[in-house]
Amino acid sequence: MTVTASARRKARHFAMQALYQWQMAGASLNAIEAEFHADNDMSKTDVAYFRELFHGVAKNLDVVEGAFAPHLDRKLDDLDPVSRALLRMSTYELQNRVDVPYKVVINEAVALAKKFGPTDAYKFINGILDKTAADLRATEVAADKQQ
């Protein structure tokens, strides 16, 4: 399958939902992943990307949270579950997928926050990820600002 922007978008959508479920239910990653494959049409999804995001966040949780937590104005536990899942997933992408432009990562997270998050969560997500991207992708952000 050729990887399209749409297939990546679906992968992020499902990964955010899977992370949400993992946070809330505490079920095993493999059980949640199997459930997603059984319950959703994954034919137009970048399944490898879904898997990487979902398992990558869980495996690297401390590193991922350590990258965005300094920019929070509240405790991590005080975040709503959707925002927490989005910040974790997007920060993982910023850290590990330099092939994806930081603006794409942020825009995708903002779109998901508008769809699934509480009112105005997208503004919060945008602000935190802007600061996180400036830390993790300093060269890319600086080059972008010079244009």
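Predicted model: local features only at pLDDT ≥ 70, side-chain atom pairs only at ≥ 80, totals over all residues.
Colleague: Happy to start with Gln21: is Gln21 buried, partly exposed or exposed?

Modeller: Gln21 sits in helix α1, which covers residues 5-25. Its relative accessibility is 22%. Buried means under 20% and exposed means over 50%, so at 22% Gln21 counts as partly exposed.

Colleague: Which residues does Gln21 touch, leaving out those up to four places away in sequence?

Modeller: Ala85 is 64 residues from Gln21 in sequence, with 9.3 Å between their C-alpha atoms. As for contacts, with residues up to four places away not counted, Gln21 touches Gly26, Ile32, Glu35 and Phe36.

Colleague: Thanks! And Ala67, is that one buried or exposed?

Modeller: Ala67 belongs to helix α4. The cut-off for buried is under 20% relative accessible area. Because Ala67 has 12% relative accessibility, Ala67 counts as buried.

Colleague: How far apart are the C-alpha atoms of Ala67 and Leu136?

Modeller: Leu136 is among the residues that Ala67 touches, along with Thr91, Gln95, Thr132 and Asp135, not counting residues up to four places away in sequence. Along the chain, Ala67 and Leu136 are 69 residues apart. Their C-alpha atoms are separated by 7.9 Å.

Colleague: Now the largest nonpolar core: which residues touch the most other members?

Modeller: This core has 43 residues. Elements giving two or more residues to this core include α1, α5 (81-96) and α7 (121-136).

Conventions:
Residues numbered from 1 in each chain as written. Heavy atoms only, no water. Helix = DSSP H or I, 4+ residues; strand = E, 2+ residues; numbered from the N terminus. Buried < 20%, exposed > 50% of the residue type's maximum accessible area, 1.4 Å probe, protein only. Contact = heavy atoms within 4.5 Å. Core = buried A, V, L, I, M, F, W, Y, C linked by side-chain atoms within 4.5 Å.
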